[in-house]
Each structure stands twice: as structure tokens, then as C-alpha cells.
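Please read them with the structure open beside you.

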Amino acid sequence: GTLNPPANKVGMQLQVYDAKKKKWVKKASSKTAADGTFNFTINASRKTAKYKYRVVTTSGITVATESSEQEVAVVPRIEGLGPNGRILGTDISRYQGNVNFAKMYAAGARFVFFKSSDGGPNAHARAVAYADQWIPQAKAAGLLVGQYHFAQIPNTDDMNTVLAAANAQADQMIARWNAHGGYSQGTLPLVLDIEQAGVPRNVTDAEAVAFVKTWLEKVANATGKLPILYSNPTFLKNHLSGDPSLANYPLWAANYFDVSNPGVSPKVGCLNTVWTGEGCNLRWTIWQYSQTGPGGTFGVSSRGIDLNVFAGSAEELLALAGYPAAT
């Protein structure tokens, strides 16, 4: 700002009104330059908030100005602190125990996905309890957040039963999405976690594809955004190669081999999936590259933690989390 009329070396103070304490709190101090100009620099909160502030003089002359309530929208700072400069993230469930999200952020993570829904009734109740506790804590720590559903296909060879389960489990995830405010800023797309542990042996590949398509389509229609499919390339190759339209959905690939392309296995070579392009180029959005990240470093009480990287830029990740493009 500028002090008018101009005066040199006048003490200035920025104060913010604390609604809980019902008083003004000092945030920063400064002195005017010869032309009367001054400035303050303060740390932003990690979430959008409404503030009322005032600027007062502390020496020389008596001047005070007070603002109306101002809404400050905070865009998270996203840096590429993962392997090869990619943006780093984690995913957790109840197995991670106690979690310190400030420590997770300090370790370099900029996004975290929570198991928030499960096709098994008991497992679902546990997932809800943990996610409801953690999601607001993670947001307060400055992390982008997402929710995932662990698919449980019924142990049956009846297609109608499989489709009914897919619809019911999609409804579970939609309800969880609604419970946490839908796609507010800072919220990443919903995820379907499909892997061998949730698919009984007598389920056919056609039934697995039908379950996945039904779930994805219903969630996309209800939320207005394409969900992400999580799986490992071996499962994708063996069980979800029957419908090329699945490649329209973003892929979260789990591959823990030390290779530059998560669509390759050192033993088998190229794992051809509907997401695999020319030259065995797997089109992935998120890559879960480790199950054995140092838990303590990332603020969890379990020994290990899943680590992931995002394929795109900070601007692309922010757009995926609902932030408008910078102007």
C-alpha cells in the first residue's frame, strides 16, 4: 500500500481479525519508504479461508484502514519431488495405522488417496471410519486428496448377480463422494481398485470386464468426471483385455519393478493391455512404483507405505483436482 500523504520510515502493522478470540492479531510489520509505500509478506493458509484485516501505523502519525471480509483462495504448491522429478504421492488404508499428514507433506508427497469404500460389508465400514477421520486432516496439511473403492466381485458365474454387485458398489462410492463434498477444489477423481484379491477364480474375464465397465460408467455419469482404474498390468493383460473402450479411462498402474515403463516386466517383457500403445508404451496417469516406501519418513506408523508418481505437470495435476488454470 501507500501512506498518503507520503512519509518516510513510518511503522506499519498488518493485523487479521481472529473471530474465535474476537480480537485483532498482529501478522506482520513494515516501514514506509520515502514515497510512502510499504508492503507485507505473510504465509498463506493451506486452504481457502475468509479474512478481515486492517493496517495501522505504529509510529509517527495516526492512520488506520480496515478491510471488509476477504476470501483468499489458496492453490497448493506442487513440486516434482519424486523419481525423475515427477510429482510424488501416497495411498493409504487402515494398515498404515496412525498418520501424521504434515510429516507426509514434508517428505515430499503432494497427493494422497484413501481407501474409502469396499465391496465387503465389514471392510467397507472400516474404510469409512478411517477415511472420514483422515480426509479433512490431509486437506488441512496441504495435500490433494482422492478416494478409492476396493472391488469385490461375487463368487458366482451369474452375470446378472455380477452386474447387480457392480451397481451396488458404484452406489457406495458415489455416496462416499457426496459425503465429502463432491468434487470440491483439491479433490482428485474417484478410483476403482480391481485386483486378483477381489476376484474369485470362477469369475470369467467377460464378467470381470462387465463389472468394471458398469462401475466406471455409473460413477462417471453420477459425478461428471471420469474415474481412474487402478490395477497391475498383469491383471489388466489377463482379465481386462476384452474391451478396448476401457482405455478411455485414466489408468493407475501398479508395477514395482525398477523399469522406466510400468507396462514392462523383466521376466515377461511387454504386458499388452488396452492401454498399451506402440513400442509397449503404457498410457498411465499414476504409477504406483513402490510398496515399501519408508513409513516413518512419510508419517505413518506402518513399516512401509505405497509410493506413486503422477505422469503430468503440476498444472495438469491441479486441473485434475479442480483448480482453474492460472491466469
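1. Basis. This is a predicted model, in which local features need pLDDT of at least 70 and side-chain atom pairs count only at pLDDT 80 or more, whereas totals for chains, interfaces and linings use all residues. Residues are numbered from 1 along each chain as its sequence is written, and side-chain values use heavy atoms, with hydrogens and water left out.

2. The barrel. Eight strands close into a barrel in the order β7-β8-β9-β10-β11-β12-β17-β18, with mixed pairing; strands are DSSP E runs of at least two residues, helices are H or I runs of at least four, and both are numbered from the N terminus, while two strands pair if DSSP finds at least two bridges between them. Neighbouring strands of this sheet are turned by 30° against each other on average, direction ignored. Strand β7 (residues 87–92) and strand β18 (residues 304–310) run antiparallel and are joined by five bridges, and glycine 89 stands opposite asparagine 308 in β18.

3. Helices on the sheet. Helix α2 (residues 121–140) lies across β7, β8 (109–118) and β9 (144–150), and runs at about 155° to β8; axes here are lines fitted to C-alpha atoms, for helices over the stretch in contact, with angles from 0 to 180 degrees between N-to-C directions. Helix α4 (residues 205–223) also packs on the sheet, where it touches β9, β10 (191–193) and β11 (228–231) and makes about 160° with the direction of β10. Contact means heavy atoms within 4.5 Å.

4. The disulfide. The structure holds one disulfide, defined as a pair of cysteine sulfur atoms within 2.5 Å; cysteine 270 and cysteine 280 form it, with their sulfur atoms 2.1 Å apart. The torsion about their S-S bond is about 100°, so the disulfide is right-handed. Cysteine 270 belongs to strand β14 (residues 269–270), and cysteine 280 to the loop between β15 (276–277) and β16 (281–282), ten residues apart. Cysteine 270 is partly exposed at 28% relative accessible area, whereas cysteine 280 is buried at 12% (buried means under 20%, exposed over 50%, partly exposed in between, with a 1.4 Å probe and protein chains only).

5. Threonine 276. This residue lies in strand β15 and is buried, at 15% relative accessibility. Its side chain reaches the backbone oxygen of leucine 271 at 3.3 Å and the backbone nitrogen of threonine 273 at 2.9 Å. Leaving aside residues up to four places away in sequence, threonine 276 touches Cys270, Leu271, Asn281, Leu282 and Arg283.

6. Aromatic pairs. Rings of Phe, Tyr and Trp (its six-membered ring) pair if their centres lie within 6.5 Å, and planes under 30 degrees apart count as stacked, over 60 as edge-to-face and the rest as tilted; the count comes to ten aromatic pairs. The rings of phenylalanine 38 and phenylalanine 40 have centres 5.6 Å apart and planes at 65°, so this pair is edge-to-face. Tryptophan 177 and tyrosine 183 are likewise edge-to-face, because their ring centres are 5.2 Å apart and their planes at 65°. Phe101, Phe114, Tyr130 and Trp134 form one aromatic cluster.

7. A loop residue. Asparagine 43 is found in the loop between β2 (23–31) and β3 (49–51), and counts as exposed at 79% relative accessibility.

Terms used
A polar contact is a pair of N or O atoms within 3.5 Å; within protein, one must be able to donate a hydrogen and the other to accept it, and residues adjacent in sequence count only if both atoms are side-chain atoms.
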